[in-house]
Amino acid sequence: MPDLSALSGYPPELFRQVESLLSQPDGLSSRLLDRYPHAHGLRSDRQLYDFVEQVRARHLRSAGRIAKVVYDSKVQLAYQALGLHVRSTKVHGAQLKARHDIRIAALFRDAPLPFLSMIVVHELAHLRHPDHDRAFYQLCAHMEPDYHQIELDVRLYLTHLAAGGGPLWRAWPEGVPASSKAD
């Protein structure tokens, strides 16, 4: 039986559908590739930081700036952490300085933009709501209207990887001609 731990909390009918897709050759992978055919082009931490700042400025203007945003190979997918929002406070004389960092699993460097956007929105929502409560998910859905569907698709992708499937997307470096992108 395939590892469906990434889908914990979903209804049993979904488990049966996913098991059916996994039993077919390329069933789950072709569904994901049909829905998300291309990887995003945000390769560097600087590009990722700029993307996060754009989303923050659009939806959470009054929230504090993010100090650092990086792809992190140490974020543990096994613990279902796709990204981390790190909040730290430092004392500077009589003042407290808050610092917010976001770390996104390096796996998502080669993923579709909606996957990355869903993770960014999730981590940014922690600026306003530290807990995963109703208000937190309402803010996520406000910032990314398809948040819940994309989250399910990310979990399906993690299930695909756990079942022994390989990565489905590969971002191409800039300057590679389109004709050489076919594998």
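**View 1. Helix 4 is largely enclosed by the rest of the structure, because 11 of its 13 residues are buried.** Buried means under 20% relative accessible area, exposed means over 50%, and partly exposed lies in between, with a 1.4 Å probe and protein chains only. The buried residues are F115, L116, S117, M118, I119, V120, V121, H122, E123, L124 and A125. Helix 4 covers residues 113-125 and reaches 18 Å from its first C-alpha to its last, close to the 18 Å expected at 1.5 Å a residue. The expected span is 1.5 Å times one less than the number of residues. This is a predicted model, in which local features need pLDDT of at least 70 and side-chain atom pairs count only at pLDDT 80 or more, while totals for chains, interfaces and linings use all residues. Residues are numbered from 1 along each chain as its sequence is written, and side-chain values use heavy atoms, with hydrogens and water left out.

**View 2. Helix 4 packs against helix 6 (residues 147-162) at an angle of about 115°.** The two axes are 9 Å apart; axes are lines fitted to C-alpha atoms, for helices over the stretch in contact, and angles run from 0 to 180 degrees between N-to-C directions. The two helices are therefore roughly perpendicular to each other, a term for angles of 65 to 115 degrees, whereas under 35 is roughly parallel, over 145 roughly antiparallel and the rest oblique.

**View 3. P114, F115, M118, V121 and H122 of helix 4 meet Y147, I150, E151, D153, V154 and Y157 of helix 6.** Contact means heavy atoms within 4.5 Å. The residues of this contact divide into 8 nonpolar, 1 polar and 2 charged. Ala, Val, Leu, Ile, Met, Phe, Trp, Tyr, Cys and Pro count as nonpolar, Asp, Glu, Lys and Arg as charged, and the others, Gly among them, as polar.

**View 4. E151 in helix 6 counts as buried, at 12% relative accessibility.** Leaving aside residues up to four places away in sequence, E151 touches Y10 and M118.

**View 5. A162, also in helix 6, is partly exposed, with a relative accessible area of 44%.** A162 and P2 are 160 residues apart in sequence, and their C-alpha atoms are 7.8 Å apart in space.

**View 6. The chain holds 6 helices and 3 strands.** Helices (H or I, at least four residues) and strands (E, at least two) are DSSP runs, numbered from the N terminus. The elements run α-α-α-β-β-β-α-α-α from the N terminus on. Of the 183 residues, 40% count as buried.
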